[in-house]
Each structure stands twice: as C-alpha cells, then as structure tokens.
Amino acid sequence: MNAPQSREWDSLRQSRSHRLERVAAIGLGQVVPAERISELLEAVIQPGDRVCLEGNNQKQADFLAQALADCDPARLHDLHMVQSVLALPSHMDLFERGLASRLDFSFSGPQGARLASLVQEQRIEIGAIHTYLELFGRYFLDLTPNVALIAAQAADAQGNLYLGPNTEDTPAIMEATAFKGGIVIAQVNERLDQLPRVDVPADWVDFTVLAPRPNHIEPLFTRDPAQITEIQVLMAMMAIKGIYAEYGVKRLNHGIGFDTAAIELLLPTYAADLGLKGKICTHWALNPHPTLIPAIEAGFVESVHCFGSEVGMDAYISARSDVFFTGADGSMRSNRAFCQTAGLYACDMFIGSTLQMDLAGNSSTATLGRITGFGGAPNMGSDPHGRRHASPAWLKAGREAYGPNAIRGRKLVVQMVETFREHMAPVFVEELDAWKLQKMMGAELPPIMIYGDDVSHIVTEEGIANLLLCRSPEEREQAIRGVAGYTAVGLARDHRMVENLRDRGVVRRPQDLGIDPRQATRNLLAARSMRDLVRASGGLYQPPKRFRNW
C-alpha cells in the first residue's frame, strides 16, 4: 500500500494564529480604540475572505460596516459577504468601492433599488437569496465566515457580551465563526463592570471596540394605526372571519405591513364580538409589534416569542413577562434562528404580503426595479413536510387539500394583498419579474419568495380564494383571477368558472362571509393613532420620535 500523503489538519487554526499575530504586531490588543478600527480590519481580514457583517432586520453593526467600507481596496478586495440583511448604504459601498464582489443574503429592504441597479450593471455576483434559516444553516456548512463583525449592547472587562433585547442573528453568526477558526469582532455600546447577564462568553470574542454612538436599530415593525385604510380594515375582517375563525388558528406569524397590523387591531373589537377570544391568536412567533398591544391588554395573547425587539417596547415587554421571553433582569432575549424554527414547524399559519404573484400562486418581492429579498417569509410561508404533531387548524387544512382520509395535515400560508400597490403597479401578473432577474443574475433558479403550491389562501379587497379546494391547475388559475380585481389578470377571468368556484366556496366575497363592506370603517380599530397605542400600554410604550406627532 502507498504511504498516506501528509496533510496539515489545523490550517484554519494556523490561519487564525497568523491573523492574531498581525494584530499584535501593530500594537493592538483585545480592546481596540475606535480610531484604530480600520487598522484592525485590514490586519485581520484577507482578500477573498468570507465576511459576515451583522446586518439584521433591525440591529446593525453600523460602525464596523462603515469602517470596513472605508478600508483600502488595494489591501482588502474580492470579499464574499454573507449576511442576513443589506440595510445600510455602507453595505452597498463595499461593492461599489471594490472591496467585495460576491454576496449571499436574505433581505435587502431599503437597499433593494440600489442592489437591483448593481445587478443590472453586473457589478455584483449574487450566490443566492436565502431564507434566514437556510443562510444560518449554510454558516455551519459551506458559507462559514472567516471573520464576523457583530453588534452587542455591552462588554465587561473580560470581554463577555450582553446582547440586550435585540439578540437576533448574533448567536448563529458567532458560534459558526468562533468554532471554525474564525475571528469575531464586536462593536459595543458601553462597557460595564457587571453585565445584566452574559449572552456570549469572552472566549468566543477576539476583539471589542466601543463605538462612538449606539448601534442603529430600525423600528421595522412599527406601523402607525393612522395609516390603516378602510380597505385594509375590510380585508382584515375577511381574514379573521373567513380564515382565522374557520380554522381555529391559535399559533401563527404575521408578516410586516398595514394589512396584518389591521388584523391585530381588530382582535379586541371585531374578533371579540365574534366570540373568538381564547379561540384564535393565542401563541405567536412575532416581533413585539406595537399594534399587538391592545390584543395583549384584552387577554387575547398568551405568549409571544420574538425574532428581534422593537424600538420603544422594552419597558412594556419587561412589564408583561408572562407574555414575552424575558430574563431575570427583565429584558427580553430574542433569537431569530429559534423563532424562525418556531414559525416553520410550530405555527399553524403564516400571513404576509408580496409585490408580485402569478397565476400559479408563486410570489416574489424581487422585481426588476427592487430586489428586496425574502427574509423569513419562505420559512414561515412553506408547508414543512417534517411536521409530525397535529392541531385542529393543521388537520382541517390537510383534509381540504388531500381529502378526508389524509394522513397528514397542512400549514396555512396566506398571501394578503391589495390588487394594486404603489404607483398603481399590479400585484397579479402573468409572469413574475423573477424570470428576467434569473437571467440577469445568471442564477440557477428564479428568485421566487413563496412557491405557489405552498399558498393556501389569497386575500384581496375583492375576497378570499381558498386554493386548498382547487382540484386542477385551471381551477387554481381562475380562483386567483377571481380575486385579482381590475388588474389585467383579474379582467381576463372566466366569469362562469369563477362563479362556479364561488358556489363551491373556493372564492368568497365579503357578502358570502356575512360581511357588509359598509361596516369596514376605522372605528373598528382598537387604536387609531400612535397615541392610542401609548394609552393602551399604560404609558409603557415609548414610540420613536418620528412616530410622534404630539
């Protein structure tokens, strides 16, 4: 037999040692002065590295992001960014300045238009637009970061970290990096002699830097009730009566938007009048939406586990510890990975929105002018075939989809959209922009957010389409056309077939549900302004300044 070839089995450890030696050579220790942060980054990071820059839905390592964008492209280049969210201008500056060339991400939010422009100019290579759990999983497989730049609330003298209520992605990022020979750098808001609790032990952290200002947290889930329209109230009434009540949905997730905010604000009023308290909406996988406060105060909500926190909600959360997951110090510990898992496997329903939907029910928030990404919607908005526990909602949906002798249930995945979005762009289209984007990106797959075969219901101002009851692709297409309103897709419906579907309960109008659209007024909302939400919280909720008009 040939002798085995010699191989180094600790190359990652050696690489880590060399990086730390370079830092020591320029006279930096574990505690780094803010004015020398670029020196640290240029010493630690190497060209071609995978770098995870913590950009979550809300919490941003903004000081480290700007410092990285300010580095010399001659020293740092061809970086492969692996991060949940592109939220800040500095995230895009990395690509425009030539420091980074490849990206794997989940959500781009406010940078969606800029990202679309870079893709069209072929100045960025996108590996994939992931779901959150998918990206977290790949951190532990083939996208493990060489360097992670994260944000924490506080550090002590030993380097232990307190993450505060916005834990979010940090545990997944740090564990993958720290236990695979990587370097972890944390920006902190303050240094304390004693932390309220230790969220991350010091031996997972290589360097800390006291940022000149607290890290940015975006109030992403705050919706002003004053902006909710009567059309959204009508859609919320249909969803509550035609889906929540009929399936007895107790465990659920709501997406971001005024549509779902309207549902939350109708729970203590309209839903209570229907006798639904204790029968629906008791257990949530959800950020602490301020518009959920009246439902919590009315006793609708028993438990909420959160992906992240929300600006101004800390005191309220601490005072409602029976509802939220809080520590002995009173502060919440959110966790995006765990909450995504709950949303995927433990929730009976996801209800969210989209920018485009085709005739098969496929939907996407990636359009030619705006690549927003997906975030957690494909996790929550999918029917997980690995589920093995039953609930009434899951079983009822399964019987509708597969017949009375079905051996498995079905998750409810609801898309709630007005037929036209901003600038009168139709939501319902013959073909998604995702197919054109696939060619532009050179991708193996079109960037579809939620696949049509996972969608159970569509709610628009025109009614509800129950796709579980469709028995052919033709029925499915006509059910979608039947609620697509005055879009070109809706106008091309087969009226006879749609009426036949309506007779079978596949398509239902407000009057079919016993709802008079004239009753859908803002007076039904449990709170009609931000000040109403503050009052409902007993003064505990403190909205961000931009939401105050008093």
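Student: At what angle do helix H1 and helix H2 pack, and how far apart are their axes?

Tutor: H1 (residues 11-25) and H2 (residues 37-44) pack at about 145°, with the axes 8 Å apart. Axes are lines fitted to C-alpha atoms, for helices over the stretch in contact, and angles run from 0 to 180 degrees between N-to-C directions. Helices (H or I, at least four residues) and strands (E, at least two) are DSSP runs, numbered from the N terminus. The model is predicted: local features need pLDDT of at least 70 and side-chain atom pairs pLDDT 80 or more, while totals for chains, interfaces and linings use all residues. Residues are numbered from 1 along each chain as its sequence is written, and side-chain values use heavy atoms, without hydrogens and water.

Student: Which residues of H1 and H2 meet?

Tutor: Arg19, Arg22 and Val23 in H1 meet Leu40, Ala43 and Val44 in H2, where contact means heavy atoms within 4.5 Å. By class, this contact has four nonpolar, no polar and two charged residues. Ala, Val, Leu, Ile, Met, Phe, Trp, Tyr, Cys and Pro count as nonpolar, Asp, Glu, Lys and Arg as charged, and the others, Gly among them, as polar.

Student: Why does Ser38 count as partly exposed?

Tutor: Its relative accessibility is 24%. Buried means under 20% relative accessible area, exposed over 50%, and partly exposed in between (1.4 Å probe, protein chains only), so Ser38 is partly exposed. Ser38 is found in H2 and touches Ala67 and Cys71, not counting residues up to four places away in sequence.

Student: Why is Gln340 called buried?

Tutor: Gln340 has a relative accessible area of 1%, and is therefore buried. Gln340 belongs to helix H12 (residues 336-346). Leaving out residues up to four places away in sequence, Gln340 touches Tyr132, Leu133, Phe307, Gly376, Asn379 and Met380.

Student: Is Asp78 buried or partly exposed, and what is its phi?

Tutor: Asp78 has a relative accessible area of 45%, so Asp78 is partly exposed. Its phi is positive, about 55°, although Asp78 is not a glycine. Asp78 lies in the loop between helix H3 (62-69) and strand E3 (79-82).

Student: What makes Cys281 buried?

Tutor: A relative accessible area of 0% makes Cys281 buried. Cys281 lies in the loop between helix H9 (258-273) and strand E11 (283-285). Phi of Cys281 is near 60°, a positive value in a residue other than glycine.

Student: How many cavities of 30 Å³ or more are there, and what makes a space a cavity?

Tutor: The count is one cavity of 30 Å³ or more. On a 1 Å grid over the protein atoms alone, a cavity is a set of points where a 1.4 Å probe fits but cannot get out, whereas a pocket is an open set with protein on both sides within 12 Å along at least five of seven lines; lining residues have an atom within 4 Å of a point. Grid points are joined across faces, edges and corners, and a volume is the space filled by probe spheres set on the points. The largest cavity has a volume of about 40 Å³, and its lining includes Phe221, Arg223 and His289.

Student: Which residues lie nearest the centre of the second largest pocket?

Tutor: Of its 22 lining residues, Ile129, Phe374, Leu445, Pro446 and Tyr451 lie nearest the centre. The volume of the second largest pocket is about 410 Å³. By class, the lining has 13 nonpolar, six polar and three charged residues.
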